[in-house]
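Here's a quick briefing to read alongside the structure. Take a look at the picture, then work through the topics below.

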Amino acid sequence: MFATDHISVFRGGKAILDRVSIQLAPGELSVILGPNGAGKSTLLQALTRTLTPDQGEVFLDGTPLRELPIEELARRRAVLAQESFLQFDFSVEEVVLLGRIPHLSGWESDRDRDICSQALRSVEMDAFRHRRYPSLSGGEKQRVHLARVLAQLEDQREAADPAPWLLLDEPTSALDLRHQHSVLGQARKLAKVRGFGVCAVLHDINLALHYADHVVLMDQGRVAAQGTASETLTAERISEVYQVQAQVLCASNCPFVQIQSHHEKHALNV
Amino acid sequence: MNISQSLPRSMKAAAAREANPDPRARRRPAFLILLAVILPTAGFLALMTGPMDLSFAKVAGILSNRIGIGSASEFSMAEEVVVWNLRLTRVLLALLVGAGLAMAGACMQGVFRNPLADPGIIGVSSGGAMGAIFMIVLGSRLMPEAAFEGFRLYAVPVAAMLGAVAITWLIYRLSISRGQVDLVSMLLVGIAINSLGGAFIGLLTFMATDEELRTMTFWGLGSLGRANWELLLPGLAFILVPLFFLPRYARSLNALLLGEKDAAHLGIDVRRTKRHLIVLSASIVGATVALCGAIGFIALVAPHIVRTAIGPDHRFLLPASGMLGAGLLLTADIGARTIVAPAELPIGILTALIGTPVFLFLLLQRRRFQSIS
């Protein structure tokens, strides 16, 4: 269970996060949504411990996050950043093996290599194993890093051990349509089949409606609403938070949001 | 029938590639062994070469006699002095300084996440030189001459190390923005610090006596000419000891290449690791500057060649760079001693001749890479 208890973050006298309390359960795909500047990324940074909130506390399975040793934290949660700065000439396999660092004391074993092969297969990058990382396209790089964080989460766990967490910061931003769906489909499978906790910041409301079990809708540093996707993402709320005219429609049993732009609204009113 | 025989040759070749298809990974053991063999060979050649050419048998005889296992060959007292006191100390200093510069360079390039971070170019060596000069000027003014002589052997390297560490920290702070090291800022800070270092050396020139003036090229271009057994002691203490600690950080350096945030997510204590690595690598550079002046480009060229040959994994990069840097500096020093014999070339001229093209090549490659992305 990942939870924040009334966390606030202030920058330059302004509250970027204002007493945010959320609870995320393992076995579900949770999605943080909201317009630009709503505090999505800041909230995720508080969950990854990239920043410590000025007020309030973040808990991972009941323990305050800031009290967990950083090495232990690395074995219990992995983070996929929005962009990567790796410029050195590693092979794709070497990049994925970096994900095993928290689990190693010496050299990688055959088991670590198997885990990496498996991770590369699951993001459909196994054919690229021996390619040089800098020669890949942006989307391919993103998938290699996804394989790296998947490899980081593999561990020998007892049934009673707390579920590991995968935190994703806009994982679909560099991907084409097919890979957007494949990444989120996989994140959901990780939650449903293996019981991992997964939390992703997304921009696309329709992707959230399609894949999310739990949605946290942020607006101006506060939680505007949270709950199941269909409860949270109503036409009124989307219209209010995003300041657009939204309609939630249904096509072949699958809800989607249609937006009328200001421009069209004017055209209709005339 | 054997299945492998029925396969066409091209498929067998493909299967072999698949078994170990990364050529750099395959090359690693051979590359490391090759370096480990070449290094003592080059060292021995250096002992034989010079204004007085000595045979293999004589050098071997002198060494074994000194170590105390007796000697089969005859040699004169003068020859023994040349080999044991002049050449051997110089070879050992070259190995120590070459390995130190190359490993410190590889480490800085990891911390700055940039293969262009050469301690000479970004100003770390100037920082070391300023610290050393400051101590020399201050010490010789404040203390009686005789007292300073014993003190300076250790005080000057320590001052140089402090100068190098302080400057490296400054460069790092000034060139980092949003968790990323900015190449242009890093190089510009280097220009500024190198000009300041030049001014400092100019000040020393202005204040120096005639005798001191002759050794002035020492700071700018470097020389191994001061080598003697006494000088090797601070060398061992200030270069070899930190060198032993660097490989422990190989895994953290690999993680740091992903960026500081990603490294932290992998469980690396980024602030502490960075502090340790900057102190270790900058003090190695500072110590080399105090002992033999600012010898440029070894720290750039050796890691570059190793990365090209066997990849950027620091677990191999650090030891291989150390051996290659030692070998390169040793070779350059043989050149410096013999090309214009009996005079001696400043060694920095030779390292710059190899290093500048490599630096420009890396810079151009970088620019092409950045214009694509």
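**Two helices side by side**

H5(B) passes H11(B) in a left-handed crossing. Keep in mind that this is a predicted model.

**How the pair packs**

- Helix H5 of chain B covers residues 77–111, and helix H11 of chain B covers residues 229–245.
- Their axes sit 10 Å apart, at an angle of about 25°.
- Angles under 35 degrees count as roughly parallel, so H5(B) and H11(B) are roughly parallel to each other.
- On the H5(B) side, the residues that meet H11(B) include B:Leu92, B:Leu96 and B:Met103.
- On the H11(B) side, B:Trp229, B:Ile239 and B:Leu243 are among the residues that meet H5(B).
- Sorted by class, this contact has 12 nonpolar and 3 polar residues, with no charged ones.

**Where chain A touches chain B**

- Here, 22 residues of chain A are in contact with 20 residues of chain B.
- On the chain A side, helix H2 (70–76), strand E6 (77–80) and helix H3 (92–98) each give two or more residues.
- H2(A) gives the most to that side, with 4 residues.
- By class, the chain A side has 13 nonpolar, 6 polar and 3 charged residues.

**The largest nonpolar core**

- This core has 185 residues, and A:Leu166 and A:Ala208 touch the most other members.
- H5(B), the helix from the top of this briefing, supplies the largest share of the core, 18 residues.
- Leaving aside neighbours within four places in sequence, A:Leu166 has contacts that include A:Ala78, A:Leu153 and A:Phe196.

Definitions and conventions:
Residues are numbered from 1 along each chain as its sequence is written. Chains are lettered from A and ligands numbered from 1 in the order in which they are written. This is a predicted model: local features need pLDDT of at least 70, side-chain atom pairs count only at pLDDT 80 or more; totals for chains, interfaces and linings use all residues. Two residues are in contact if their C-beta atoms, placed from the backbone, lie within 7 Å. Ala, Val, Leu, Ile, Met, Phe, Trp, Tyr, Cys and Pro count as nonpolar, Asp, Glu, Lys and Arg as charged, and the others, Gly among them, as polar. Axes are lines fitted to C-alpha atoms, for helices over the stretch in contact, and angles run from 0 to 180 degrees between N-to-C directions. Angles under 35 degrees count as roughly parallel, over 145 as roughly antiparallel, 65 to 115 as roughly perpendicular and the rest as oblique. A crossing is left-handed if the near helix is turned anticlockwise from the far one by less than a right angle, and right-handed if clockwise. A nonpolar core is a set of buried Ala, Val, Leu, Ile, Met, Phe, Trp, Tyr and Cys residues joined through C-beta atoms within 7 Å. A residue is buried if 20 or more other C-beta atoms lie within 10 Å of its own, exposed if 12 or fewer, and partly exposed in between; C-beta atoms are placed from the backbone.
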